[in-house]
Amino acid sequence: MKDFFHSFYAQYRAEVIDQLEFLFHITLEPFSLLSGGKYLRSLLFFSANPQNETTIRTAFLIELIHATSLVHDDIVDESSLRRGKPTLFRKLGVPKATAIGYYLLSYLQQQLLLQSPLFYQACFH
């Protein structure tokens with residue numbers, strides 16, 4: 001199941017990176033924000049719900065929301081590396097990394113609301 005989820009995650013990660021590069025006029029090589037991890041939150045959600053397209057997309061969004069929170073965490077902690085790769089703010093500076101973090105959080109919450117309204121309400125209201 002993790003291999004399947006990883007391939008799905010990689011596909012959507014590429015779409016998110018393309019969107020960020022376009023909106024912020026930057027070039028992002030693979031960086032720590034979207035470089036993976038254990039996928040614990042998303043795998044737990046995936047295993048506890050019907051295994052369909054909505055569940056897969058919601059699990060992906062849950063993982064990305066968590067990853068996005070790490071952008072600001074790295075700024076506050078002044079971390080140079082995450083998962084062995086340079087942190088976003090070390091590569092782009094605090095202002096751009098902060099803007100990207102806020103943009104991603106709002107974008108992902110919007111996508112979660114559209115994808116899974118009941119889950120969104122349970123988490124954010």
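A few ground rules come first: residues are numbered from 1 along each chain as its sequence is written, and side-chain values use heavy atoms, with hydrogens and water left out. As the model is predicted, local features need pLDDT of at least 70 and side-chain atom pairs count only at pLDDT 80 or more, while totals for chains, interfaces and linings use all residues.

Helix α2 covers residues 40–47; helices here are DSSP runs (H or I, at least four residues), numbered from the N terminus. Within α2, S42, L43, F45 and F46 are buried, where buried means under 20% relative accessible area, exposed over 50% and partly exposed in between (1.4 Å probe, protein chains only). Looking down the axis of α2, these buried residues fall within an arc of 160°, so they line one face of the helix. That arc is taken over the directions from the helix axis to the C-beta atoms.

On to the aromatics: the structure holds 2 aromatic pairs. Rings of Phe, Tyr and Trp (its six-membered ring) pair if their centres lie within 6.5 Å, with planes under 30 degrees apart counted as stacked, over 60 as edge-to-face and the rest as tilted. F24 and Y103 make an edge-to-face pair, because their ring centres are 5.9 Å apart and their planes sit at 75°. With F24 in helix α1 (residues 2–24) and Y103 in helix α5 (residues 94–115), this pair ties together parts that are 79 residues apart in sequence. F24 counts as buried at 19% relative accessibility, whereas Y103 is partly exposed at 21%. The rings of Y103 and Y107 also have centres 5.9 Å apart, but their planes are at 15°, so this pair is stacked. Both tyrosines belong to α5, 4 residues or about one turn apart, and Y107 is partly exposed at 21%.

Contacts (heavy atoms within 4.5 Å) involve, among others, L61, L64 and I65 of α3 and L104, L105 and L108 of α5.

Terms used:
Helices (H or I, at least four residues) and strands (E, at least two) are DSSP runs, numbered from the N terminus.
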